Amino acid sequence: MREKRERSLVSPNKPEKARAYAFLLLKFRPRSESELLARLKQKGFSEELAGAAVAFLKDKEFIDDRVFARGWVLSRLKRLFGLRRIRQELVQKGIAKEII
């Protein structure tokens, strides 16, 4: 049953399925564009479909790497993480060096 549900979620010609999965991921926590793209591809969506979903979310301002980075830095500073570690985490999350 679970396999059937997962197969129906990942259909190569269903952009709304990719967007729905992206929204599901964003429901749990904010994510960078790079993270979202990687997770969509990991789920089985094509590069083109994943890119289109990320572009849609970016266009509608549901994701913004600058806002994500600012929030990440603030949350990490509250936990007393150092700047070097925070910078490293942002790089791992695919944030552009110009934003960091």
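Let me begin at the end of helix H5, which is followed by Leu80, a residue whose phi is positive, near 65°. Helices are DSSP runs of H or I with at least four residues, strands are runs of E with at least two, and both are numbered from the N terminus. The model is predicted, so local features need pLDDT of at least 70 and side-chain atom pairs count only at pLDDT 80 or more, while totals for chains, interfaces and linings use all residues. Residues are numbered from 1 along each chain as its sequence is written, and side-chain values use heavy atoms, with hydrogens and water left out.

Leu80 is not a glycine, although its phi is positive; it lies in the loop between H5 and H6. With a relative accessible area of 75%, Leu80 is exposed, where exposed means over 50%, buried under 20%, and partly exposed in between, for a 1.4 Å probe and protein chains only. Glu61, in the loop between H4 and H5, likewise has a positive phi near 65° without being a glycine, and Glu61 is exposed at 71%.

Now to H5 itself. Its 14 residues reach 20 Å from the first C-alpha to the last, close to the 20 Å expected at 1.5 Å a residue, the expected span being 1.5 Å times one less than the number of residues. At the start of H5, a side-chain oxygen of Asp64 comes to within 2.9 Å of the backbone nitrogen of Arg66.

Which residues of H5 are buried? They are Asp65, Phe68, Ala69, Trp72 and Arg76. These residues cover an arc of only 95° around the axis, which puts them on the same side of H5; the arc is taken from the directions from the helix axis to the C-beta atoms. The face turned away from this buried side carries the exposed residues Arg70 and Lys78. The buried residues of H5 pack against H3 and helix H6 (83-92).

On the H6 side we find Glu89, which counts as buried at 10% relative accessibility. Its side chain makes a polar contact of 2.9 Å with the side chain of Arg76, a polar contact being a pair of N or O atoms within 3.5 Å, one able to donate a hydrogen and the other to accept it within protein, with residues adjacent in sequence counted only if both atoms are side-chain atoms. Leaving aside residues up to four places away in sequence, Glu89 touches Trp72, Arg76 and Phe81, contact meaning heavy atoms within 4.5 Å.

Let me turn to the rings. Rings of Phe, Tyr and Trp (its six-membered ring) pair if their centres lie within 6.5 Å, and planes under 30 degrees apart are stacked, over 60 edge-to-face and the rest tilted. By this rule there are three aromatic pairs. One of them joins Tyr21 and Phe45, with centres 6.3 Å apart and planes at 40°, so the pair is tilted. Tyr21 lies in helix H2 (residues 15-28) and Phe45 in the loop between helix H3 (33-43) and helix H4 (47-59), 24 residues apart.

Phe23 and Phe62 form an edge-to-face pair, 4.9 Å centre to centre with 85° between the planes. Because Phe23 lies in H2 and Phe62 in the loop between H4 and helix H5 (65-78), this pair ties together parts that are 39 residues apart in sequence. Phe23 is partly exposed at 33% relative accessibility, and Phe62 is partly exposed at 48%.
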